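Here is a short report on one protein chain. Look at the sequence and the 3D view first, then read on.

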Amino acid sequence: MTSVLTEKPKADIKAIYLTAEDLKLAASLLYQAYHDDPVFLEIFNSEKEDYEQRLRASIREELSVFWQAKQPMIGLYLGEAMVGVACLNAPGDGVGSERFWHWRLKMLLSAGYFSTKQMIEKENIILSAIPLKKFHMLSFIAIHPLHQQHGFGHYLLAAVNTVLDDHPESEGVAVFATTDKYRTFFSDVNYEIVNEVNVGKVSGALMIHYRQQ
């Protein structure tokens, strides 16, 4: 496993690229983080009984695509326990709705036609609002509920910045923040609001961390 975090962290904290064996645990963390996200509540129709099943299936398929496309997926560990995860799309490497055909098929089977269509529309809306040509997209980020408010999110984003530093063609990292909590968090680590974007009935802030010149 390759280390990502270059600055000296607290004892027993490390950020590394995920392996195939880590994906199941990463999916569990992301499910907890996005269970009540306004965008996913709308896309997967949280009022239906199978909402949780379809959300889990969607996250699993997303991680599968990230893995097959060799996109950066970072795990933050406290000792041997994964406490955080971040998934990025690198510039020109699968950002957007141009997914593998089998991803769309699996999404249709697990999430349904309407939810799959909305997922694709969500990506198109967000990407079209980003005022950059080449950039990383922070598609998923999560910290384990028991380890929130302890600075782990800052360590995870320091690792994201290291990925950015390793790709000089990238102008920055973009993220779509749907809650005030996320807006505040990303603002604290030098992300700037560049657009307010509506995805269906949900409004969110498109935020960018620009590469330091």
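In which sense do strands E4 and E5 pair, and over how many bridges? Strand E4 (residues 136-143) and strand E5 pair in the parallel sense, over two bridges. Keep in mind that this is a predicted model.

## The chain as a whole

The chain has seven helices and seven strands. Read along the sequence, they follow the pattern β-α-α-α-β-β-α-α-β-α-β-α-β-β.

Of the 213 residues in the chain, 50% are buried. Now take the contacts between residues at least 6 apart in sequence. Among these, 69% join residues at least 24 apart.

Strand E5 covers residues 172-177. Six of its six residues are buried. Both faces are covered. Gly172, Ala174 and Phe176 lie on one side. Val173, Val175 and Ala177 lie on the other.

E5 pairs with two strands named here, E4 and E7. Strand E7 (residues 202-210) pairs with E5 in the antiparallel sense, over six bridges. Here alanine 174 stands opposite isoleucine 208.

E4, H6 and E5 make a right-handed β-α-β unit.

## The nonpolar core

In soluble globular proteins, nonpolar side chains tend to be buried together. In this model, the largest nonpolar core holds 66 residues. Leu30, Leu76, Leu138, Phe186 and Tyr191 touch the most other members. Helix H6 (residues 152-165) gives the most to this core, with eight residues.

Which residues does leucine 76 touch, leaving out those up to four places away in sequence? They are Ile13, Lys14, Ala15, Ala81, Met82, Val83, Gly84, Ile143, Phe152, Tyr155 and Leu156.

## The largest pocket

The largest pocket holds about 610 Å³ of space. Its lining has 24 residues. Which of them lie nearest the centre of the pocket? They are Ile143, Gln148, Gln149, Lys181 and Tyr182.

Helix H1 (23-34), E4, H6 and helix H7 (180-188) each supply at least two residues. The largest share, five residues, comes from H7.

Some elements come up again here. E4 and H6 supply lining residues, and both are part of the β-α-β unit with E5. Ile143 is among the residues nearest the pocket centre, and Ile143 is also one of the residues that leucine 76 touches.

Technical notes: Residues numbered from 1 in each chain as written. Predicted model: local features only at pLDDT ≥ 70, side-chain atom pairs only at ≥ 80, totals over all residues. Heavy atoms only, no water. Core = buried A, V, L, I, M, F, W, Y, C linked by side-chain atoms within 4.5 Å. Buried < 20%, exposed > 50% of the residue type's maximum accessible area, 1.4 Å probe, protein only. Helix = DSSP H or I, 4+ residues; strand = E, 2+ residues; numbered from the N terminus. Contact = heavy atoms within 4.5 Å. Pairing = 2+ DSSP bridges. Right-handed = clockwise from strand over helix to strand, strands pointing away. 1 Å grid on protein atoms, 1.4 Å probe; cavity = no way out; pocket = protein on both sides within 12 Å on 5 of 7 lines; lining within 4 Å. Points joined across faces, edges and corners; volume = space filled by probe spheres on them.
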